[in-house]
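Trainee: Could you show me how to read the main features of a structure that is new to me?
Mentor: Let us look at it together.

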Amino acid sequence: MKTALKHHDTIDSQMAHAIILDDRLKAKNNQRIITLKKTYQYELTPFLKDSNAYGNIYFARYFEWQGICREMWFTECIYPDMLQMDGAFLTRTANNHYMQEVLPFQQIQCALNVQNLKRTSFDLIFKFYNQKAELVSSGYQTVVYTDSLTGRIKKIPEDVMVKVKAYHD
């Protein structure tokens with residue numbers, strides 16, 4: 001039996017935890033196939049300005065980091081000039097769950113994936129890891145695609161949908 005490994009991104013061994021394997025192996029024509037979904041990764045560095053009097057990072061920074069990671073993902077992976085799109089992605093819902101403290105100058109790795117992909121919306125899943133590859137925070141944003149002129153929700157363009165699907169469960 002041959003094993004085929006499908007993958008899209010090159011990752012280093014430290015961030016291998018951010019890539020999520022499908023729940024099961026798929027059998028087709030006597031081949032076992034393991035499918036890896038893409039995971040977008042972005043490194044962040046918090047500074048003293050991001051911390052409070054106790055020296056830990058303000059909770060609001062995690063939402064800011066979600067926005068930074070989201071914009072970089074859209075620009076690097078989905079559509080290089082989002083301002084030229086026929087529509088706009090708007091955040092409907094945002095959430096963040098804090099698991100442990102982060103201090104200034106600790107490198108933070110953000111991993112982004114997509115869930116609940118629908119014709120007009122999807123969820124961006126964010127996981128933030130410290131230098132020890134420990135999960136320090138996780139969250140999500142539900143984004144909807146809207147018409148730039150009317151603000152009405154509309155179908156995500158097919159070329160964009162194809163790129164988004166690569167990061168979907």
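What follows is a talk about its core, its strands, its salt bridges and a surface patch.

Mentor: This is a predicted model, in which local features need pLDDT of at least 70 and side-chain atom pairs count only at pLDDT 80 or more, while totals for chains, interfaces and linings use all residues. Residues are numbered from 1 along each chain as its sequence is written, and side-chain values use heavy atoms, with hydrogens and water left out.

Trainee: Which residues of the largest nonpolar core touch the most other members?
Mentor: In soluble globular proteins, nonpolar side chains tend to be buried together. A nonpolar core is a set of buried Ala, Val, Leu, Ile, Met, Phe, Trp, Tyr and Cys residues joined through side-chain atoms within 4.5 Å, where buried means under 20% relative accessible area, exposed over 50%, and partly exposed in between (1.4 Å probe, protein chains only). Here the largest core has 28 residues, of which Trp 73, Phe 89, Phe 122, Leu 124 and Phe 128 touch the most other members. Its largest share, six residues, comes from helix 1, helices (H or I, at least four residues) and strands (E, at least two) being DSSP runs numbered from the N terminus.

Trainee: How many bridges join strand 7 to strand 8?
Mentor: Two strands pair if DSSP finds at least two bridges between them. Strand 7 and strand 8 run antiparallel and are joined by nine bridges, with Ser 121 having Val 144 as its bridge partner in strand 8. Strand 6 also pairs with strand 7 in the antiparallel sense, over seven bridges. Eight of the nine residues of strand 7 are buried, so this strand is largely enclosed by the rest of the structure.

Trainee: Which residues are linked in a network of salt bridges?
Mentor: Side chains of opposite charge can pair when their charged atoms come close. A salt bridge is a side-chain nitrogen of Lys or Arg within 4 Å of a carboxyl oxygen of Asp or Glu. The network links Lys 49, Asp 50, Arg 61 and Glu 64. Within it, Arg 61 meets Asp 50 at 2.7 Å, N to O; Arg 61 lies in helix 1 and Asp 50 in the loop between strand 4 and helix 1, so the pair ties together parts that are eleven residues apart in sequence.

Trainee: Is Leu 48 buried or exposed?
Mentor: Leu 48 counts as exposed, at 58% relative accessibility, and lies in the loop between strand 4 (40–44) and helix 1 (60–78).
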